[in-house]
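Good morning, colleagues. Please have the display in view.

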Amino acid sequence: MKLQIGENIRSLRKEKGITQEKLAELLGVTSQAVSRWESGAGYPDMDQLPGLASLFEVSMDTLLGYDGTVEKQNRLVLEISAMIARGERDEGIRRAGEALEMYPDNPALALMLATVLFSTEANTEDLERVVCLCRRVISAAVGSDPEKILMMLAAKNLLIPALVRLDRREEAKNEARLLPGMTMTRDYIMPLVLSGTEKKKYLLEGLPLFVITINNVYLNGYAHPDPIPAETGEPTALAMGVKKYTLEECCRDLAVWDAVYAGLLPEAEAERELDSIDAYLYLHKRTAKLLAEAERYEEALVHLERTVRGILRPVEEKRSHAFNKLMGLSAESFGPEYTAAFADAPDGIKQQFYKIMGPITE
C-alpha cells in the first residue's frame, strides 16, 4: 500500500507557511530534493524523518500517512470484500496484497486473500501463496481470542486442500490429524447442551448440511480432489457432480435423508422440513427423470409429484437455508427434458404427468 508521505509533506509545509526553499534550508538539503519528495519522485532518507516530524509537530505515523488503527483495518477488509463480491477479483487481490504489506500481522486480510486465491483456476504459484498465507494466520492464532481461533480453523480448512492440490499429501495429513474430531465440534456438542424446542430448532437448522456432508464426503468423496472409486476402478457418478447421479445413488441418498428426518419428526412435519431443502427435492427430480427413461413410469410419477409439491409449498412454511442457491431449484428448472422422458409413456401416464406439471407450467 503506497505511503502518502510526499502529499503529507506538502500539506504540512503549507499549513506551517513554509516554502520549499525554507524547508530545504532547515533540513540541509536542496529545494529540488524537497520538490521530488512532494511529487512522489523520491523519499526522504530515514534519518531525516524524525526532523520532519518534529518540525511539523506531528507523529511519525501521521507524517508517513500510516493509520494502523483497528477501525481503519476493519474498514479496509470490508472495502476489499465488497470489491471482490462485485466481481473485481484481480483488483481485490492487488488491494489485499498491498494492504498486507502495510498490515502484515492482520490475519483477516491474509485469510481473505488466501480464500480468493484458492479457486479452481488457481495455479501452482497461487496455491503456494495460499499455503504461506494460511500458515501466517495459523501462527498468529495465539491465546484464547475466539475470533483468532475461528480464523485459525478456517485457515486450516483452506491449507489442507491447497496442500493436496500441490501433491504435498504428507503435510496435508499431518495438518488434518491436528483438527478437532467430529465429537469435538459445535454441531455435535450443542445438541447435548440445549433442550426442548431450542434443541429441536438447532437440529433442524443444522441437519441439512450434516446430511449433505454424509452423502457427498463420506459416502462418495464428492467434495475432495480424489473421488472414492467404484468397484470398477472408475470414478463414481457423483464425482462428476450431483447432476450426474445414477438412479442407485439417488435412491440411496434419498433413503439417508428420509431416515434422518423420520427419526426426529412426525411424518407431516418431516415432509415440511424436507420441502425447505433444494438438494433433497432435486434428488426426487433427478430420480423421476431416470425412472421415466427406464420406462418405470408409475414410480417416476411418485417422485415427480413429490418434487412439485415441495417446490409449490408456500415460502412462509419453509426454513431458509443459505446453501439452497447452490442447487438453484425452481419451477423454471423443469425443462423439455422431462417432457421428453415421458414422451413414449402410455396415454394414461402422460395425462398424470401433465396434471402434476400443470401448476408449475401454467
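What we have here is a predicted model. Let me begin with the largest nonpolar core, which has 34 residues. Within this core, the residues that touch the most other members are Ile-80, Leu-109, Leu-113, Val-130, Leu-133 and Cys-134. Two or more core residues come from each of these elements: helix H6 (70–85), helix H7 (89–102), helix H8 (107–117), helix H9 (124–140) and helix H10 (146–165).

Let us now take Leu-113 as an example. Which residues is Leu-113 in contact with, once its neighbours within four places in sequence are set aside? They are Ile-93, Ala-96, Gly-97, Leu-100, Arg-129 and Leu-133. Leu-133, like Leu-113, is among the core members that touch the most others.

I turn next to helix H15, residues 267–274. Here Glu-269, Ala-270, Glu-273 and Leu-274 are buried. Viewed down the axis of H15, these buried residues fall within an arc of 135 degrees, so they line one face of the helix. On the other side of H15, Glu-267 and Ala-268 are exposed.

Finally, the chain as a whole. The protein chain has 20 helices and 0 strands. Of its 362 residues, 38% count as buried. Among contacts between residues at least 6 apart in sequence, 58% join residues at least 24 apart. The protein chain exposes about 20800 Å², and carbon and sulfur atoms supply 55% of that area.

Technical notes: Residues numbered from 1 in each chain as written. Predicted model: local features only at pLDDT ≥ 70, side-chain atom pairs only at ≥ 80, totals over all residues. Heavy atoms only, no water. Core = buried A, V, L, I, M, F, W, Y, C linked by side-chain atoms within 4.5 Å. Buried < 20%, exposed > 50% of the residue type's maximum accessible area, 1.4 Å probe, protein only. Helix = DSSP H or I, 4+ residues; strand = E, 2+ residues; numbered from the N terminus. Contact = heavy atoms within 4.5 Å. Areas by Shrake-Rupley, 256 points an atom, 1.4 Å probe, with all protein chains shown as cover. Arc of directions from axis to C-beta.
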